[in-house]
Amino acid sequence: MTDAAPILRCRGLGKRFAGVHALRSVDIDFYAGEVVAVVGANGAGMSTLMKILAGVLTPDSGEVFLSGQSVRFAGVRDAVRAGIALVHQELNLADNLDIAGNIALGREPNRFGFLDRQAMQSQAREWIERVGLDLSPASDVSTLSIGRRQMVEIAKALSLRAKVLILDEPTSSLSMGETSRLLALIRTLANQGVAVVYITHRLNEVLDCADRTVVLRDGAQVAEFTRDQLTRDKLVGAMVGTIHESQRAEMQSTDTKSKARLVVRGLLTQAHPKSTINLTVRKGEIVGLAGLVGAGRTELLQSIFGVDRRVGGDVFLDGQVVAPNDPVTAARRGIAMVPEDRQRDGLMLEDSVRINSSVVKIAREAIAGFIRRGAERTGVARMIDLMKIHPALPERQVALFSGGNQQKVVLAKWLSTEPSVLLLDEPSRGVDVGARAEIHALIRQAANRGASVLCSISDTEELLLLCDRVVVVREGRIEGEMNIADATEEAITRLAVVGSGDGTSQSEVAA
Amino acid sequence: MKKILGIAGIFLVIVIAVSILSPNFLTAYNIENLLRRTALFGILGIGVGFVILTAGIDLSIGGVVCLAGMLTPYLLTQMGWSPTETVATILLMSVSIGVMQGGLVAYGRIQSFLVTLCGLLIFRGLARGITMDQTQGFQGKFTELRWIGNGRISIPGVEAFSVPAPVLSLFAIAILSMIFLNCTVWGRWMKAVGRSPSAARYSGIPVARVQILAYTICSLLAGFGGLLFVCDVGSAQPSDFGNFYELYAIAAAVLGGYRLSGGEGSVVGVIIGAAVMQVLRNAIVLISWLPDTAEFAVIGLVILIGVLADEFLRRYAANRARTQAKGT
């Protein structure tokens with residue numbers, strides 16, 4: 001099936017972000033006519049690898065060869081011109097144009113500057129037929145389902161004469177029917193001589209359609225299977241690796257008899273309105289939410305806090321109902337939320353550390369609506385000291401601080417009010433290793449003071465370091481939970497990836 | 001403080017230039033007039049500043065000024081209401097206008113530009129309808145009420161010059177606004193909402209109520225401004241009373257350091273901004289070789305230059321802060 005020479009070849013590709021290896025010395029060859037799946041857990045480096053291949057990122061080390069020539073792409077346009085197209089997780093179509101307009105975007109056929117609609121449509125028709133779409137090129141993209149949009153994206157990539165087609169989690173939002181149609185198309189394209197690179201979390205799809213599978217873990221290439229070597233167990237084993245038992249923190253709390261503080265009953269989130277969620281977090285307990293990206297953990301936290309509208313269910317704090325969809329009273333009741341995107345949702349970047357870290361507390365200690373300036377200043381100074389915010393300059397703009405210090409400011413905003421419930425969404429994302437340890441210690445202190453902590457963490461290793469109990473979320477449902485003593489990275493990943501059932505039945509995914 | 005220095009500098013340069021170019025500029029009579037106009041437009045500017053602070057805009061000010069300004073003499077003379085009843089009604093009406101517009105923006109999630117553009121048309125239309133498009137005046141009565149707009153407060157020992165009464169209102173409103181913005185929780189929240197509505201929401205700040213409060217204060221000050229304006233001029237025509245006042249107010253706020261993207265601005269800056277506008281309008285009248293018809297062009301140009309200069313200074317400061325941060 002494969003030609004003698006690989007069309008695309010990576011040698012020693014490496015990339016670091018803020019000193020952390022996202023990718024270390026990866027060697028992979030891709031051949032025309034072959035479907036290669038790249039799999040791994042969250043943060044294993046798949047996206048980084050794809051971004052390098054597609055010209056979004058430049059590697060810190062190593063080389064990429066295209067048809068035997070060493071290439072270094074200056075950007076996506078460069079890569080596209082060379083015949084490498086990336087179809088992104090988030091679709092990149094212009095909603096206000098029709099299919100033909102999207103396919104021709106940026107290189108529209110024209111006559112004296114006027115659009116040549118007929119040429120545009122006939123060219124588009126050729127490509128959409130090739131991807132098996134039974135649609136008029138004049139259909140508006142906004143009327144199409146996500147699955148069909150994906151097909152249009154692929155048609156667009158093909159129209160750019162792509163020799164290598166990279167699909168980044170193409171099925172993450174597709175229904176089963178759409179998924180099987182997409183997989184069939186991928187096979188057809190490979191037979192026509194396109195090299196397809198396929199990134200996914202879904203093992204069934206890998207087993208179905210990949211000629212070859214490359215497994216990444218912690219940025220390194222840990223295994224490679226051909227189609228006949230591949231089994232589910234081998235795949236999961238390679239993705240998970242061995243467990244670092246010794247790295248588990250000794251400071252974990254053992255008190256499991258304390259009373260339930262945060263109780264979630266029958267909660268239905270907007271993202272997964274058919275999956276009921278029941279959850280209890282005891283006083284002083286740190287519960288980790290594990291799961292793949294898009295499993296519904298963020299939506300769960302946001303629904304508890306009230307920034308996301310709940311479809312149904314109740315949240316109780318110390319036995320009393322917390323009003324839904326109302327972050328104002330949730331915060332007043334002592335529920336704190338550290339959002340995933342701190343730059344957008346956590347901070348006022350142009351304001352100072354003082355303004356940011358005191359914004360919740362000033363309201364609690366105000367007298368007749370007036371801010372107590374002295375109390376504010378001493379409170380902020382105390383938090384800067386306690387949280388080791390560096391540099392310790394309360395009037396400095398938050399935007400000028402490092403990621404770790406910014407996150408500490410978000411934490412300071414809430415911890416200064418001694419919350420009873422602390423909801424954390426990826427609390428150490430984009431935070432360096434030192435600050436991460438300090439943030440963990442602060443979270444543990446809050447729990448020891450009696451707070452119930454519920455945190456969503458994608459990094460399984462970190463989850464095991466920080467939490468007392470792990471709850472695994474998959475496709476909006478709670479797939480299982482384990483006490484930290486019984487939890488292993490492998491068990492967590494297995495639950496997160498294949499679920500608690502026999503693993504062969506793929507559950508229904510809402511389109 | 002630094003923000004005010006820029007606009008204060010521009011103000012001084014313009015004042016010095018105009019006083020050299022026209023001998024009639026620095027006369028007691030002219031200064032008194034300038035102070036009165038600055039106070040009136042300053043009140044509108046402070047009002048719209050609250051809305052701009054939350055990253056919104058209020059275009060309805062001219063309409064509210066017109067409605068309040070027309071209804072005041074109308075209720076007094078045509079309907080025979082007492083001054084107390086009239087003033088209370090005007091202020092209550094202004095508050096309701098603000099609550100409604102703010103509610104549409106905050107809960108209806110409609111862009112403030114649209115809501116208040118419709119408001120601009122609706123309130124002027126209402127004013128013209130209620131008064132049947134007839135000019136309204138005080139018929140020489142109600143001089144006690146009119147004092148708040150056209151009164152003069154003499155300074156002991158100074159013969160030629162008195163302080164226009166609206167300056168008192170401006171002073172009180174400015175002080176209260178500064179206290180609100182700098183010393184109260186709601187003032188802090190208002191800035192937070194303007195900086196990042198999302199971060200404000202995630203901090204448990206009642207974003208919608210904060211927004212509604214901003215529109216309410218703005219409309220209240222616009223209504224009060226309309227009352228002062230009509231008390232000052234004595235009679236008004238529904239078809240043009242308050243025309244473009246929203247734009248003068250917004251221009252004053254922007255000149256005074258408010259950013260349309262929200263989160264930033266100072267009350268003192270707006271007052272100086274309003275003064276700059278009035279001095280410019282005055283200069284066009286006083287300086288003989290400047291044709292009066294060029295008024296809008298000159299004002300527009302000066303605002304543009306002011307905003308550009310401000311933007312360049314800001315970028316320069318931001319760059320410097322960034323390089324300094326890297327150095328440490």
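This is a predicted model: local features need pLDDT of at least 70, side-chain atom pairs count only at pLDDT 80 or more; totals for chains, interfaces and linings use all residues.
Setting aside neighbours within four places in sequence, Leu423(A) is in contact with Leu262(A), Leu301(A), Ile304(A), Phe305(A), Ile335(A), Ala336(A), Met337(A), Val338(A) and Leu454(A).

Now zoom out from that residue. Leu423(A) belongs to the largest nonpolar core, a set of 185 residues. Along with Ile304(A), Phe305(A), Leu454(A), Ile492(A), Leu44(B) and Ile46(B), Leu423(A) is among the members that touch the most others. As for who supplies the residues, helix H10 of chain B (residues 207-233) gives the most to this core, with 14 of them. There's also a second, separate core of 34 residues, and Ala124(A), Leu158(A), Val194(A) and Cys209(A) are among them.

Next, have a look at strand E21 of chain A, residues 469-474. Six of its six residues are buried, so the strand is largely enclosed by the rest of the structure. In a regular strand, side chains alternate between the two faces of the sheet. Here both faces are covered: one side has Arg469(A), Val471(A) and Val473(A), the other has Val470(A), Val472(A) and Arg474(A), and every one of these is buried.

What does E21(A) pair with? Strand E15 of chain A (residues 286-290) runs parallel to E21(A), and four bridges join the two. Within that pairing, Gly288(A) sits opposite Val470(A). Strand E22 of chain A (residues 477-483) runs antiparallel to E21(A), with six bridges between them. One of the pairs here is Arg474(A) with Arg477(A), its bridge partner in E22(A). E21(A) and E22(A) form a hairpin with two residues between the strands, and there Glu475(A) takes a positive phi near 50°.

Methods
Residues are numbered from 1 along each chain as its sequence is written. Chains are lettered from A and ligands numbered from 1 in the order in which they are written. Side-chain values use heavy atoms; hydrogens and water are left out. A nonpolar core is a set of buried Ala, Val, Leu, Ile, Met, Phe, Trp, Tyr and Cys residues joined through side-chain atoms within 4.5 Å. Buried means under 20% relative accessible area, exposed over 50%, partly exposed in between (1.4 Å probe, protein chains only). Contact means heavy atoms within 4.5 Å. Two strands pair if DSSP finds at least two bridges between them.
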